[in-house]
Each structure stands twice: as C-alpha cells, then as structure tokens.
Amino acid sequence: ESAAAAAARAERAGQRPRLPRISDLSPEYRRFLAIVFLFNLGNSSDVFLILRARGLGFDPIEILWLYAAFNGVEALLGYAAGSLSDRVGRRPLIVSGYALFALVYLGFAFARGHLAVWLLFLVYGGYYTLTQGSQRAYAADLSDPDQRATQIGAYHTVVGLALLPASIIAGLLFERAPGAPFLVGALLAGLAALALRCSPRREAVAPG
C-alpha cells in the first residue's frame with residue numbers, strides 16, 4: 001500500500017460520520033419525496049380492500065382467489081414494466097401508476113357487484129407493476145452517487161412515515177362510511193400524479 005493511500009485511509013478513519021440532512025438532497029429529490037409522501041398518505045393497507053370485498057359479499061375463499069389474481073397480474077407484467085421503464089423513463093410509469101391507483105380506489109368507493117371488484121383487483125395489480133420498481137429506481141436515479149444508500153434510505157423512511165397515519169385515517173373513515181377511505185386515497189393519488197407530471201425536472205431516458 002502506498003503512503004498516499006495509507007494516509008487517505010487514516011484520514012477517513014478519523015472522520016466522524018455525519019448524519020444525513022435534508023439539504024444533502026437535490027431539489028428534484030426533495031420534490032419527489034414530498035410527492036411520495038402525499039401519495040402514500042392515501043395508500044392505506046390492502047386490508048381495507050379485503051374488508052371492502054367482504055362487505056360486498058365475498059367469502060374468505062373468494063378473497064383468496066382475488067388476491068391470487070392480483071399477484072398473478074403483478075408477476076406476469078413485472079418484467080415488461082421494468083423494460084418499459086428503462087426505455088421511456090421512470091416518471092411516466094409512476095405518473096401512470098398513481099393515476100391508475102386513483103381510478104381503482106374511486107372504483108372501490110362506488111363498487112356494488114362482484115364483477116366490479118374482480119376487475120378492480122386485476123387493475124390494482126397493474127398499479128403495483130407500474131410503480132413499485134419504478135419508484136425505487138427513480139429514487140436511485142435522483143440520489144447523490146456518493147450518498148446513494150443513505151438517500152435511498154430517506155425514500156423508504158418517507159414511505160414508512162406516510163403509511164402509518166394512512167391506515168389510521170383509513171380505519172377512522174371506514175368506520176363512518178366504507179367508501180370514504182377510497183375517495184380520500186383517490187384524491188391524494190390524483191394530486192400526486194398531477195404534481196409529478198408537472199414537476200419541472202426532465203428525466204433522461206436510460207439507454208436501452
């Protein structure tokens with residue numbers, strides 16, 4: 001090991017680790033995290049979808065089939081969605097996913113029959129396919145390469161901070177009216193889709 005390399009290693013070892021700060025994030029990343037928080041504030045636990053289906057007459061076996069169909073859609077379309085994200089960019093998929101979520105939740109607010117619930121669960125699998133990988137990839141795209149792990153951790157922290165009150169709020173609303181939490185979720189998802197769509201950042205498409 002050279003003397004210069006040894007000196008650099010000793011200097012790094014002597015430095016105290018600095019806690020991450022919001023100012024370390026780029027303006028684009030901060031805007032994205034604010035949008036993610038807004039969306040997830042209306043993204044309550046999937047348990048409420050199950051409760052909604054139960055309230056519309058689905059028995060436990062039928063609900064298992066609903067969830068299997070939802071997971072099947074997500075699994076079948078996952079590779080295609082990842083490939084599309086690499087070609088057209090992350091943001092269009094996330095915006096589309098948020099908009100799809102808004103439509104699905106609006107549907108759950110007013111659903112009345114079994115067929116509607118089946119269709120909504122299938123489309124809900126499409127929302128998951130469009131957003132889950134794309135959001136994490138977009139967070140990585142916007143992060144500082146020197147602090148990537150820390151800044152991706154900030155993304156997951158924001159998601160977690162939003163999901164807890166989301167389910168509490170949804171539970172309170174559900175007790176008053178079963179469709180209410182879905183109306184709120186649809187509204188917040190629609191606002192998040194609009195905010196991300198109008199965000200000034202121009203994302204470079206990843207090379208195919």
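Predicted model: local features only at pLDDT ≥ 70, side-chain atom pairs only at ≥ 80, totals over all residues.

Reader: Does leucine 120 count as buried or exposed, and why?

Author: Leucine 120 counts as buried, because its relative accessibility is 13% and the cut-off for buried is under 20%. You will find leucine 120 in helix α6. Setting aside its neighbours within four places in sequence, leucine 120 is in contact with Val104, Gly107, Phe108 and Ala111. Take phenylalanine 108 from that group: it lies twelve residues from leucine 120 in sequence, and their C-alpha atoms are 7.3 Å apart in space.

Now let us follow α6 to a helix it meets. The buried residues of α7 pack against α6 (114-142), and also against α2 (27-41), α3 (47-55) and α8 (180-198). Those buried residues in α7 are Gln151, Tyr155, Val158, Val159, Ala162, Ala166, Ala170 and Phe174. Here is a handy rule: residues three or four places apart in an α-helix point the same way, because there are 3.6 residues a turn. As for length, α7 has 29 residues (148-176) and should span 42 Å at 1.5 Å a residue; its end C-alpha atoms are 43 Å apart, which agrees.

On the α2 side, Phe32, Ile35, Leu38, Phe39 and Leu41 take part, meeting Leu188, Ala189, Leu191, Ala192, Ala195 and Leu196 of α8. By class, this contact has eleven nonpolar residues, with no polar and no charged ones.

Terms used: Residues numbered from 1 in each chain as written. Heavy atoms only, no water. Helix = DSSP H or I, 4+ residues; strand = E, 2+ residues; numbered from the N terminus. Expected span 1.5 Å × (residues − 1). Buried < 20%, exposed > 50% of the residue type's maximum accessible area, 1.4 Å probe, protein only. Contact = heavy atoms within 4.5 Å. Nonpolar A, V, L, I, M, F, W, Y, C, P; charged D, E, K, R; others polar.
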